[in-house]
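Here are my notes on the model, point by point.

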Amino acid sequence: MRRRLTVGTAALIVTVTAVSAPALSATAASTESIPAGLPSTKFPLGVPGIPTAAGKALGAGIEYFTLKHGTAEDGYTVSLLSAGKDAFTENTAQNLAVSAQSAGFEPTIVQFTRPAVADFPAQDYWMVRIGNWTLKQKKQAAEVVTELKDAGISSKVDYLGDDGFLTSGPWSMKVVTIDPRTFRGTFASSLGTSTAKREKVSAMAKAGGASIAVNGGFFDIHTSAAYRGDPTGISMVGGKLLSEAVPGRTAVVMKGRTVRITELASRVTATAADKANLSVAGVNRVPKPNELVLYTEEFGTKTPSTGGTEVVLDETGQVLGVRTAGGKVTKGRRVLHGVGTAADWLTAHATEGQTVTVKTVVSDLRKKRTIPLTPDTYIVGGGVGLVRNGKTWITASTDGMANINMILRRHPRTLVGVGKTGKLILAVIDGRAPGATVGASFLEAAQVMRWLGARDAINLDGGGSSAMVVRGKVVNKPSDGSERAVGDALLVKP
């Protein structure tokens, strides 16, 4: 990656390379030290070399590995902010730099390119930075932030290992591989005891009888506090749709011992006895204006008090009652919740004693066919597709993650991949731990999954949500300092 560094009116083009670190020799790290089941080739990130690794079998077809690679050479800088962001247009960068110079500081303007991904073009950005400190000198960087604040300039302490530019690492990650040819268990998903509330992966693993589990997809942190366990994409448990798909987004589809990664869409339709029908916009989430939303017994709390209308359905679709929005969904019941024009539709077509049929269809957009909603079908929606047919194919825009923070900057990552033979690959790359592990960008995550043998791969929720549970224990180091409650989880059951 090339960066343009500008100080005052002088400009210099430099090529930034990884901080110098000795490459591992054949004698220092031979392929004989790599546990069977891991690639014998060099780790794809940082200074070329064979990672330090240890592995053990957890059962028939299940291998568990710990990998470490790289050295801690990055330190800290101070990045100036505009409207809360650290990357902006050249004009904004120049203005910030002038302000910092006028206040007595020596700023550096850094030009960089956010790389292109499959559905989002590359773009140039500029940053303004001040100073360069070692890992042990974070306090000095923080003092500069305080001085800038006193001068009316917003800034932050920035760890250079996080910014997505070249780094020597280090990386620390946990990997589980499962060979369906010898594995005798099954795969599943869980939203815990309630779709509305979040729950720790370890708790979902215990309740589901899983020997291994990782966190699932992103959940809605922008909705009302009582409903923040709601996945932001598709979720299916035992053939039952518990959260609707965002059309075209990538997901993990599991059935028995088979797993595949593909793009999905879902369609839910309510049809009244008089043949009138209306699209159900969402499942187990807060409705938007004029929407019809379906709540299932798994919702686990009262429906939102939106002032709309609700009809309570039994298992056959018979309307047991009509009520104002904001009631419980009891066992064996479903609730259609209408707001605005959707409430008017319920009033006109779903009176007590009538029948309303709710039909659900989930479509595999890659294979162009519907997915049978059988009791052994489970789906976890991800955050971003990373690898497709063996090639890096990052769908950041389609999956709602087209920004510098997600594409370029490094974070903890939870990744799922499927190899050519159907092998499931679960990987958690820890991050946000300066000096210990830097995490990965989307591009780096795709490289790692291809290195591990994934033909298709997906990014699940990351950051403080990243967690891997093995035999009841969280084996990675969550960046929050402890395990976070999340929306859903992917389970491996013996």
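1. The largest cavity first. Its lining is made up of Gly233, Ile234, Ala245, Val246, Arg249, Thr250, Ala251, Leu264, Gly381 and Gly382. The model is a predicted one, and the volume computed for this largest cavity is about 60 Å³. By class, five of the lining residues are nonpolar, four are polar and one is charged.

2. How many cavities of 30 Å³ or more does a search of the whole structure find? The count is three.

3. The second largest cavity holds about 40 Å³ of space. Around the second largest cavity sit Asp86, Ala87, Phe112, Met127, Asp163, Phe165, Ile404, Leu408 and Arg409. Six residues of this lining are nonpolar and three are charged, with no polar ones.

4. Now the open space. The largest pocket contains about 600 Å³. Its lining counts 29 residues. Nearest the centre of the largest pocket are Phe219, Asp220, Ile221, His222 and Thr232. The lining of the largest pocket splits into 10 nonpolar, nine polar and 10 charged residues.

5. Where does the largest pocket lie relative to domain 2 (171–262 + 372–493) and domain 3 (273–355)? Both domains give residues to its lining, so the largest pocket lies between them.

6. Helix 3 spans residues 201–208, and Val201, Met204 and Ala205 are its buried residues. Why are they on the same side of helix 3? They cover an arc of only 100° around the axis, which places them on one side. The general rule behind this is simple: an α-helix has 3.6 residues a turn, so residues three or four places apart point the same way.

7. The opposite face of helix 3 is worth a look as well. Lys206 and Ala207 are exposed there, on the face turned away from the buried side.

8. What do the buried residues of helix 3 pack against? The partners are strands:
   - strand 10 (186–190), strand 11 (199–200) and strand 12 (212–215);
   - strand 31 (468–470), strand 33 (485–486) and strand 34 (489–493).

9. Last, the residue after the helix. Glycine 209 follows helix 3. The phi of glycine 209 is positive, near 65°.

Note on methods. Residues numbered from 1 in each chain as written. Predicted model: local features only at pLDDT ≥ 70, side-chain atom pairs only at ≥ 80, totals over all residues. Heavy atoms only, no water. Buried < 20%, exposed > 50% of the residue type's maximum accessible area, 1.4 Å probe, protein only. Helix = DSSP H or I, 4+ residues; strand = E, 2+ residues; numbered from the N terminus. Arc of directions from axis to C-beta. Contact = heavy atoms within 4.5 Å. 1 Å grid on protein atoms, 1.4 Å probe; cavity = no way out; pocket = protein on both sides within 12 Å on 5 of 7 lines; lining within 4 Å. Points joined across faces, edges and corners; volume = space filled by probe spheres on them. Nonpolar A, V, L, I, M, F, W, Y, C, P; charged D, E, K, R; others polar. Domains from an automatic or database assignment.
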